[in-house]
2 protein chains.
Amino acid sequence: MTIYNFAAGPATLPAPVLLEAQKDLVSFPGSGMSLLEMSHRSKPVQGMIESAEENIRALAGIPDNYHILFLQGGASAQFSMVPMNLLTPGGKADHLVTGNFANLALQDAQKVGDVRVAGSTADRNHDRVPTPDEMTLDPDADYVHFTGNNTIYGTEWPAEPEVGNVPLVGDLSSNIFSKPIDVSKYGLIYAGAQKNLGAAGVTLVLLRNDLLTRSPDTLPAMLNYNTHSKGHSAYNTPPVFSIYILGLVVKWLLDQGGLEKMAAQNEDKAKLLYDQLEASEFYRGHALQGNRSRMNVTFNLPNPELEAQFATEATVEGLVELKGHRSVGGIRASIYNAFPKEGVETLVSFMKEFERING
Amino acid sequence: MTIYNFAAGPATLPAPVLLEAQKDLVSFPGSGMSLLEMSHRSKPVQGMIESAEENIRALAGIPDNYHILFLQGGASAQFSMVPMNLLTPGGKADHLVTGNFANLALQDAQKVGDVRVAGSTADRNHDRVPTPDEMTLDPDADYVHFTGNNTIYGTEWPAEPEVGNVPLVGDLSSNIFSKPIDVSKYGLIYAGAQKNLGAAGVTLVLLRNDLLTRSPDTLPAMLNYNTHSKGHSAYNTPPVFSIYILGLVVKWLLDQGGLEKMAAQNEDKAKLLYDQLEASEFYRGHALQGNRSRMNVTFNLPNPELEAQFATEATVEGLVELKGHRSVGGIRASIYNAFPKEGVETLVSFMKEFERING
């Protein structure tokens with residue numbers, strides 16, 4: 001039986017990536033050693049990291065004035081590193097709160113400095129992102145922070161919020177490189193790799209180089225972006241294997257035809273599920289049209305018992321990890337870049353049959 | 001040709017560990033998926049992490065009042081996390097400075113709070129660790145920090161410094177689990193995994209539970225040890241694959257016969273090299289007898305040109321990564337737990353032959 005893994009992250013990886021990683025694991029080409037035991041300052045490892053960087057730059061058209069950093073600690077570590085580095089003395093920042101991780105980012109940032117909520121959809125259980133009218137952005141803020149896609153609620157910003165000249169900071173952990181991106185709209189982008197980019201253990205950071213001057217000298221080395229940009233992500237031992245997997249996934253994305261192609265595929269996959277939700281009274285989608293996530297499709301059944309039964313029976317059919325996040329319940333189908341269309345089609349068939357029997 | 005990898009970290013891993021990791025990479029036993037794409041909250045991954053913890057506890061006899069944490073950012077991230085969490089309001093800490101990483105730990109800690117040097121061997125180019133007479137420990141310090149083994153200079157503390165009732169904090173990145181350890185002597189131990197414990201990307205932290213009360217609530221989540229102890233190392237997505245490799249290495253250490261056995265093997269391997277250094281006028285060991293590292297054997301040849309020639313010719317013979325750290329030069333042979341005795345014997349033969357021709 002084919003297993004389709006709908007986990008929200010770590011999530012499905014492309015099969016060719018796994019096979020190549022397996023082939024190389026004991027002996028990395030040109031070295032006679034495993035990548036796991038090679039010095040991060042050796043030529044093959046340095047070459048692997050540089051190649052990952054070049055491919056990322058090519059894939060997303062990243063301008064020359066942006067650094068590409070491979071850090072550790074996931075998006076959660078960036079929740080405090082961003083304000084530590086980007087808040088100026090006496091400065092303040094605006095956060096847009098659209099879900100659980102947006103809220104955690106806010107809480108950590110408020111521990112670091114003067115950070116306020118410039119828009120929130122908490123009062124409507126985050127069924128969409130704020131409208132322009134609902135945002136009160138301070139033109140003197142040091143930056144605006146938003147979360148591009150909200151995995152738990154299944155919403156996604158259809159486009160970046162308009163923030164004028166204030167640097168935009170995006171947590172794009174759950175939708176990065178799922179469609180074309182204009183990086184020049186951002187001051188900083190960060191993304192844990194384990195959803196659209198690879199395995200856990202590495203965070204991709206894209207940083208406009210003029211912002212590096214803000215980091216105070218009083219920061220400990222590992223918490224200062226300058227340490228990592230100067231050290232080319234190898235100030236200390238980086239998470240070599242996770243960077244390697246990220247590099248293989250980026251190469252795979254290029255081989256697929258790039259971000260325009262991924263956008264079309266992701267649109268297509270999500271539409272299959274949203275069409276099914278719309279065609280049914282039995283299933284109710286959580287996110288409002290216009291702000292629906294192409295990555296995480298969240299929905300409810302008539303009651304929690306049916307939702308539990310749905311997840312259990314789906315698992316038996318090889319459709320695994322469909323239970324919604326413990327904080328909101330319901331069903332969640334995570335269908336990132338590497339998730340195959342056949343898996344979505346199989347889920348739609350299962351949904352129809354489940355409704356026929358239990359509806 | 002057999003390659004013997006003398007890199008200081010990431011370093012040689014046990015061949016059975018690499019083969020098992022390769023076998024499981026595409027399909028983890030019992031899941032039908034790769035470990036790289038499985039949710040960190042899934043049963044197989046949770047079970048893998050728990051099993052790694054149990055094996056670590058068994059291997060090193062870790063008392064019940066110590067937490068075992070798997071963190072990110074390497075030892076370098078601990079350089080600031082330790083003072084952030086363990087310094088009390090108005091409190092101070094003592095650092096013992098015995099090499100490069102000890103010095104980096106000091107610099108970061110001094111950015112966080114009132115941290116002073118209670119002993120240093122910088123004036124003698126760190127050819128040994130301080131004697132008891134050379135240490136001025138404050139009995140009211142919040143903790144004493146030391147570095148168990150100094151990879152660059154090739155020195156090692158033969159036993160923990162005597163610190164009375166002050167909690168002892170040890171950076172044991174380069175000699176952890178290379179011999180039996182009495183964890184109860186420590187308040188906190190941290191170790192990047194990529195030398196004696198596995199691959200890069202995970203840091204093992206052993207923490208006495210009474211010290212958790214010191215962490216201030218003002219710390220961002222990821223920088224607070226309480227977050228990770230409450231979350232059982234899965235507050236956010238942990239570096240799953242690196243923890244898995246660490247677990248396999250710990251299992252391998254148990255299979256080898258445990259820490260007494262490793263101590264004997266490591267002693268034996270190091271003795272081969274130190275005996276050769278003593279028998280020769282051509283090679284000069286850097287570390288003084290009594291404080292010599294069993295993990296990193298550092299030595300010089302009559303001049304830098306011969307050292308460069310030595311490293312180059314050794315590489316041709318499959319003895320790779322012998323060049324000393326860029327900050328001190330010379331030759332360094334790193335021979336951690338997983339480094340095979342045959343590799344040391346081959347190096348000794350090479351040294352004899354090189355001296356015969358060039359001496």
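Colleague: Between which strands of chain A does the loop that holds A:F177 run?

Modeller: The loop that holds A:F177 runs between β8 (168-171) and β9 (188-192) of chain A; helices (DSSP H or I, at least four residues) and strands (E, at least two) are DSSP runs numbered from the N terminus. The model is predicted: local features need pLDDT of at least 70, side-chain atom pairs count only at pLDDT 80 or more, and totals for chains, interfaces and linings use all residues. Residues are numbered from 1 along each chain as its sequence is written, chains are lettered from A and ligands numbered from 1 in the order in which they are written, and side-chain values use heavy atoms, with hydrogens and water left out.

A:F177 has a positive phi, near 60 degrees, although the residue is not glycine. With a relative accessibility of 1%, A:F177 counts as buried, a term for under 20% relative accessible area, with exposed over 50% and partly exposed in between (1.4 Å probe, protein chains only). The loop between β8 and β9 of chain A also holds A:K185. The side chain of A:K185 meets that of A:E160 in a salt bridge, at 3.5 Å from N to O; the term requires a side-chain nitrogen of Lys or Arg within 4 Å of a carboxyl oxygen of Asp or Glu. A:E160 lies in the loop between β7 and β8 of chain A, and the pair is 25 residues apart. A:K185 is partly exposed, at 46% relative accessibility.

Side chains of opposite charge can pair when their charged atoms come close. The count over all chains is 26 salt bridges. Another of them joins A:D94 and A:R116, with the closest N and O atoms 2.7 Å apart. A:D94 is in strand β3 (residues 92-97) and A:R116 in strand β4 (residues 114-120) of chain A, 22 residues apart. A:D94 is buried at 1% relative accessible area, whereas A:R116 is partly exposed at 33%. In chain B, B:D138 pairs with B:K92 at 3.4 Å between the closest N and O atoms. B:D138 sits in the loop between β4 (114-120) and β5 (144-147), and B:K92 in strand β3 (residues 92-97), 46 residues apart.

The domain assignment (bounds from an automatic or database domain assignment) divides chain A into domain 1 (15-255) and domain 2 (258-358). Contact, meaning heavy atoms within 4.5 Å, takes 29 residues from domain 1 and 25 residues from domain 2 of chain A. About 2200 Å² is buried between the two domains, 55% of it on carbon and sulfur atoms; buried area is the accessible area (1.4 Å probe) that two parts lose on being put together, summed over both. One salt bridge is counted between these domains. A:E156 forms a salt bridge with A:R294, at 2.6 Å between the closest N and O atoms.

A:N296, in strand β12 (residues 296-300) of chain A, is buried at 0% relative accessible area. Its side chain makes a polar contact of 2.9 Å with the side chain of A:S334. Residues that A:N296 touches, not counting those up to four places away in sequence, include A:N149, A:T151, A:Y274 and A:Y336.

The contact between the chains takes 59 residues from chain A and 59 residues from chain B. Together the chains bury about 4300 Å², 62% of it on carbon and sulfur atoms. On the chain A side, A:Q22, A:L36 and A:E37 lose the most area to chain B, together 14% of what that side buries. Zero salt bridges are counted between the chains, while 19 residue pairs are in polar contact (both at pLDDT 80 or more).

Key
A polar contact is a pair of N or O atoms within 3.5 Å; within protein, one must be able to donate a hydrogen and the other to accept it, and residues adjacent in sequence count only if both atoms are side-chain atoms.
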